[in-house]
Amino acid sequence: MKKALIYIILIVFAIAFIYPFFWMLIASISPETEIGSLTFLPAHFTLHNYISMFSKIPIGRALFNSILVSSIITFCVIFFSAMVGYALAKTKFIGRDFIFYIIIFTMTLPFQITLIPNYITMVKLGFVDHYAALIIPFVINNFAILLFRQAFISTPQALIDAAKIDGCNNMRIIFQVLFPSIIPTIVTVGILTFMSTWNEVLWPLIVIRDQQLMTMPQLVTLFSVGGRAEGQLGVKLASAVLLALPIIIAYTFFQKYFIRSMASSGIK
Amino acid sequence: MTKRKFKIGPYLLVSPYVLFFLIFVAFPVLFSFYLTFHKWNVISPMEYSGLYNYEKMLHDRLFYKSLINTLYFLAIHIPLQLVFSLGIAVLLNTKIKFSSFFRAAFFLPFIVSGVVVTIMWQQLYGFNSGLINRLLTDIGLDRIGWLTTEKMSMPSIAIMATWKNVGLYIVLFLVGLQTIPKYYYEVADLEGATDWQKFKYITLPALNPTIFMVVIFSTIGGFSLFIEPYVMTGGGPLNSSLSSVLYIYKQAFDFYHMGYAATLGFTFAIFILLVIVLQKRFLEKNY
């Protein structure tokens, strides 16, 4: 009896979480006139909204931009954060603790304070309307450093000593000797970084004006608020579907890793 | 040669971070402070203006409005977030079937871009043909002006934000729940404790660190509220959903008041840190 009640509650909630996505997908393949009364399946199927979207905005290019920017950032974050994380975990040098505290401090610093000056830095460096503006400010990440530091602390020192005797330098120790043993951390950092970059929208809105360089969330946002959807709900929803799809596909395949990565963001 | 290389090694490894920190953290914080004493529209030269920006801010009705709006958002969002994430996590923790399916379902909105969620909910909240109002009229209730009335715009956004983020907090609570030793409950069963008593005297105290984390996370998230009002309402109606970040954005990139926007950003940041310190004090006292 109690079990049954729990199931009913959970199922009602699950519907409330999944149904809106389903509705959005169905609405995006329905004719404009039917969306307002749509509850389940459309009476007529049409791809008109998608065709109309492709003719109105460079959504293909935006998809390419988003993939490019998110991939480069993810690669850089893993690369640089692993270097710093290793230095903090396995080497001794003057100022090490200081750097560690700076990282903790920076993590608590609200971004509202750096937003305007960082935009100005981009202007002065001539990065506005270049990929550099989307990439450079994100190539290293405090939280990723801490995750790598944590992972490297628990790798055996003997492995490093042996590699040193074989004449490995720090870079080879990190990326060839130790990397295979910290794959879960790499996956976590990869997913967290890729996702947050893919979904970032405030920063692109600030530094990119050229439509050809816009990332997907930015393009979809401007399309949706700028009135270019011309009140065409279906087209707006089609663009939202296209923005959500890549992440949802990745999520269905790597669901376990997604949830585990996010959960680790709580373990600080 | 090798000896020297060994010593310089660690510095080389951390040098990218130091460079990054100087350019994107240290410089901006100092420059931001410097900017608060200047008028600047990026194009013409910067102009020293003394305390003008601060005076302007103290007399700016919209500054207070955006601050109060953001606090109002948090006042609705945080309790909702706690109740729903904790409630669902406790239900999921009761050895039911398909729990990983449910967990995955609740997590779905969290991984999707805020833009998608906002566009979707804008339609759900629609006054005439929105799904929620149609459900309400179907069961004989009146339509609600979710996004079109001053009273409801911020609560509507808070409900949506809760829906979007609850999955993360469910997972965090599940992690917390799994750390509670099973025999606590077995002993309570022997003593004849009710479910509510077990929840109140075992589960809740054990979850205090998680509750703390959820409050801090959703506070930080709430203070960064931007894309939701930007897309849904533009801050309206009558600025009732103007959030702090949206106001900074408007001052900086609609009006090009860089000095003033920096002043707002600086003030908001200090305010956020203050709120978090206070929360920390308060929550730690209640451990």
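Of the 268 residues in chain A, 53% are buried. This is a predicted model, so please hear each number as computed from predicted coordinates. Chain A exposes about 12100 Å², and carbon and sulfur atoms supply 70% of that area.

On the fold of chain A, the secondary structure amounts to 14 helices and 0 strands. The C-alpha atoms occupy a box of roughly 70 × 65 × 35 Å along the principal axes. If you take contacts in chain A between residues at least 6 apart in sequence, 71% of them join residues at least 24 apart.

One buried position in chain A is worth a look. Ile208(A) sits in the loop between α12 (202–207) and α13 (216–225). Is Ile208(A) buried or exposed? Its relative accessible area is 1%, so it counts as buried. Setting aside neighbours within four places in sequence, Ile208(A) touches Asp129(A), His130(A), Leu134(A), Leu213(A), Met214(A) and Gln218(A).

Now the contact between the chains. It takes 93 residues from chain A and 85 residues from chain B. Together the two chains bury about 7600 Å², with 81% of that on carbon and sulfur atoms. There are 11 residue pairs in polar contact between chain B and chain A, counting pairs with both residues at pLDDT 80 or more. On the chain B side, helix α1 (residues 2–35) gives the largest share, 22 residues. By class, that side of chain B has 69 nonpolar, 10 polar and 6 charged residues.

Next, salt bridges. How many does a search of the whole structure find? Over all chains, the search finds 4 salt bridges. Across the interface of chain B and chain A, the rule finds 1. That one joins Lys2(A) and Asp195(B), with the closest N and O atoms 2.6 Å apart. The pair runs from helix α9 (residues 195–206) of chain B, which holds Asp195(B), to helix α1 (residues 2–28) of chain A, which holds Lys2(A). Lys2(A) has 52% relative accessibility and therefore counts as exposed. Asp195(B), at 43%, counts as partly exposed.

As background, side chains of opposite charge can pair when their charged atoms come close.

Within chain B, Lys198(B) and Asp189(B) form a salt bridge at 2.8 Å, N to O. Here Lys198(B) is buried, with a relative accessible area of 14%, while Asp189(B) is partly exposed at 44%. Lys2(A), Asp189(B), Asp195(B) and Lys198(B) are linked in a network of salt bridges.

In chain A, Arg96(A) pairs with Asp97(A), the closest N and O atoms being 3.9 Å apart. The cut-off for a salt bridge is 4 Å, so this pair is counted. Arg96(A) is partly exposed at 23% relative accessibility, and Asp97(A) is partly exposed at 48%.

With a relative accessible area of 0%, Thr263(B) is buried. What does the side chain of Thr263(B) reach? The answer is the backbone oxygen of Gly259(B), at 2.7 Å. Leaving out neighbours within four places in sequence, Thr263(B) is in contact with Thr36(B), Asn53(B), Tyr54(B) and Met57(B).

How values were computed. Residues are numbered from 1 along each chain as its sequence is written. Chains are lettered from A and ligands numbered from 1 in the order in which they are written. Side-chain values use heavy atoms; hydrogens and water are left out. Contact means heavy atoms within 4.5 Å. Buried area is the accessible area (1.4 Å probe) that two parts lose on being put together, summed over both. A salt bridge is a side-chain nitrogen of Lys or Arg within 4 Å of a carboxyl oxygen of Asp or Glu. A polar contact is a pair of N or O atoms within 3.5 Å; within protein, one must be able to donate a hydrogen and the other to accept it, and residues adjacent in sequence count only if both atoms are side-chain atoms. Helices (H or I, at least four residues) and strands (E, at least two) are DSSP runs, numbered from the N terminus. Ala, Val, Leu, Ile, Met, Phe, Trp, Tyr, Cys and Pro count as nonpolar, Asp, Glu, Lys and Arg as charged, and the others, Gly among them, as polar. Buried means under 20% relative accessible area, exposed over 50%, partly exposed in between (1.4 Å probe, protein chains only). Accessible areas come from the Shrake-Rupley method with a 1.4 Å probe; for residues, only the protein chains shown count as cover.
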